[in-house]
Amino acid sequence: MTELSYLDGNMLDGPLRELFAVDLSTATGRCDHCGTVGPMAGLQVYAHAPGLVGRCPTCVEVMLRLVRAPDRAWLDLRGTTFLQVPMPVQTPR
Amino acid sequence: MVAQTPARAPARWRVGRLVERRVETPNAQTLVLELPDWPGHLPGQHVDVRLTAPDGYQAARSYSVAGPAVDGPGGPRIELTVQRVPDGEVSPYLIDVYREGDPVEVRGPLGGWFVWRPQETAPVLLVAGGSGVVPLMAMIRARRAAGSRVPFRLLYSVRTPADVIYADELRRRARDDLGLDVAYVYTREAPDGWRGEPHRIGLADVNNHGWPPDLEPLCYVCGPTGFVETAADLLVGLGHQTRRVKTERFGPTG
């Protein structure tokens, strides 16, 4: 194989569930570099590094980095302008 | 209204045990795991499986769940189908060493994107490359279990006829599950009497065995990265909307 193969953002759910209460793979994210808005499940995830690197499928810039050590985790979302997370509808009290 | 999902427990590792093993092909086996407090899952979801060596070294891999959970005497059971990745860290262990009764850690269910919900009404096209058939089989099994009449088509690319995972069940379901069509692409060796030469998936395969884009089907593509790239590009090229083509790639590690 000449180029590193990548996985889909689907696989981020497990690693990110350690940090978040919701499934971020179904969240929508905006790439800070090119502005593309799409599902985080659509990111190209490179898992060959000491951590996980999620890249925008349109411009291939880095949107997310996650590194897990035994006693801590680093999450770098510089490349993500926003995350839009589906939430249960709030009913008025 | 909120999409119905099974209650989501925190992402903790649960301890499961192997209760049964089935040989699917020379390189793929189905592992039936008993998970006493399993909360249920949706077709297409995956789990992370973690192994710990005596020296504390840990390795985790993602595996798709192959069908709906079933109740056993010791609690819910889920099935994972594992394809052997030569030189992999986890898959050779699960296939060759892991024994009935042995514990394993499981985290999930995971992933709410690459799922099919039985209340969906759009026709479905499933495109599988190799062991990418596993989450798609979960959808086929869930469709029948839910009594759904949504038309399903499976286009399944394999190297040779001997590499077809779930071969008998697919033959039976193609006959008995009304509204399910199954077609194959053989890349190295086709069965006797097969029309045409072995080839990699191409436009004609997707065109002949898929749905026209006007029907706005849901397309699920799962397989190795290169296969998924090709198949998803073909679908989008035929006019399917990108957001209706859901993909799940698996990498070279196992």
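The model is predicted: local features need pLDDT of at least 70, side-chain atom pairs count only at pLDDT 80 or more, and totals for chains, interfaces and linings use all residues. Residues are numbered from 1 along each chain as its sequence is written, while chains are lettered from A and ligands numbered from 1 in the order in which they are written.

**The contact.** Chain A gives 19 residues and chain B gives 17 residues. Two residues are in contact if their C-beta atoms, placed from the backbone, lie within 7 Å. On the side of chain A that touches chain B, β1 (7-8) and α1 (13-17) each supply at least two residues. The largest share, 3 residues, comes from α1(A). Helices (H or I, at least four residues) and strands (E, at least two) are DSSP runs, numbered from the N terminus.

**The sheet.** Chain B holds an open sheet of 5 strands in the order β10-β9-β8-β11-β12, with parallel pairing. Two strands pair if DSSP finds at least two bridges between them. The edge strands each pair on one side only:

| Edge strand | Residues |
|---|---|
| β10 of chain B | 180-186 |
| β12 of chain B | 245-250 |

From one strand to the next, the twist averages 10°. Strands β8 (residues 124-129) and β11 (residues 218-224) of chain B run parallel and are joined by 5 bridges. B:Val127 stands opposite B:Val221 in β11(B).

**The helix.** Which strands does helix α5 of chain B touch? Helix α5 (residues 225-237) packs on the sheet and touches β8, β9 (152-158), β11 and β12 of chain B. The direction of α5 makes about 155° with that of β11(B). Axes are lines fitted to C-alpha atoms, for helices over the stretch in contact, and angles run from 0 to 180 degrees between N-to-C directions.
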